Amino acid sequence: AAYAALEAGGVGLLESPTGTGKTLSLLCSTLQWLEDRRARGEGAGPSDAEGGAAAPAGTLEAPDWLRDFGVAQERERREERAKERRERLEKARERQRRREREQRAAFGR
């Protein structure tokens, strides 16, 4: 079923109970499909039927949705790090303001 879905250029919904070897089965089916495409000279990229040129044999191009997901994930990580930096900076500024208030109070200013 996985091989057929790949061959058709579509999406396959596969279901199997726990412990039946799904991961190995999908890996083997996908690798065999890639080898068969290379043997036919189609490469591993999009086919002409999908509107793209075939990729050179031996290359693997990530689909657009996967690249987009990776870009979005990296953007989220950068935004989260920036938020954490802003929060740390605000805490440091608040500590500095508190120290300044305490010093003013200690020296009677």
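**Close-up views of charged side chains**

In this predicted model, nine salt bridges are counted in total. The legends below describe individual pairs, a linked group and a surface patch.

**View 1. A salt bridge joins R38 and E35.** The side chains of R38 and E35 come together in a salt bridge, with an N to O distance of 3.3 Å. Both residues belong to helix α2, which spans residues 22–39. R38 and E35 are three residues apart in that helix, so about one helical turn separates them. R38 is partly exposed, its relative accessible area being 25%. E35 is likewise classed as partly exposed, at 45% relative accessibility.

**View 2. A salt bridge joins R97 and E94.** In this pair, the side chains of R97 and E94 meet at 3.0 Å, N to O. The two residues are located in helix α3, with a spacing of three residues, or about one turn of the helix. The relative accessibility of R97 is 34%, which places this residue in the partly exposed class. E94 is also partly exposed, with a value of 31%. In general terms, side chains of opposite charge can pair when their charged atoms come close.

**View 3. A salt bridge joins R81 and E74.** The closest N and O atoms of R81 and E74 lie 3.7 Å apart. This separation counts as a salt bridge because the cut-off for a side-chain nitrogen and a carboxyl oxygen is 4 Å. R81 is partly exposed, with a relative accessibility of 38%. For E74 the relative accessible area is 28%, and this residue too is partly exposed.

**View 4. A patch of positive charge includes K83.** On the surface, K83, R85, R86 and R88 gather in a patch of positive charge. One of its members, K83, is found in helix α3, which covers residues 64–106. K83 is partly exposed, with a relative accessible area of 39%.

Notes
Residues numbered from 1 in each chain as written. Predicted model: local features only at pLDDT ≥ 70, side-chain atom pairs only at ≥ 80, totals over all residues. Heavy atoms only, no water. Patch = residues over 30% accessible without salt bridge, like charges linked within 9 Å, V, L, I, M, F, W, Y side chains within 5 Å. Areas by Shrake-Rupley, 256 points an atom, 1.4 Å probe, with all protein chains shown as cover. Lys, Arg positive; Asp, Glu negative; His and termini not counted. Charge placed at Lys NZ, Arg CZ, Asp CG, Glu CD. Helix = DSSP H or I, 4+ residues; strand = E, 2+ residues; numbered from the N terminus. Buried < 20%, exposed > 50% of the residue type's maximum accessible area, 1.4 Å probe, protein only.
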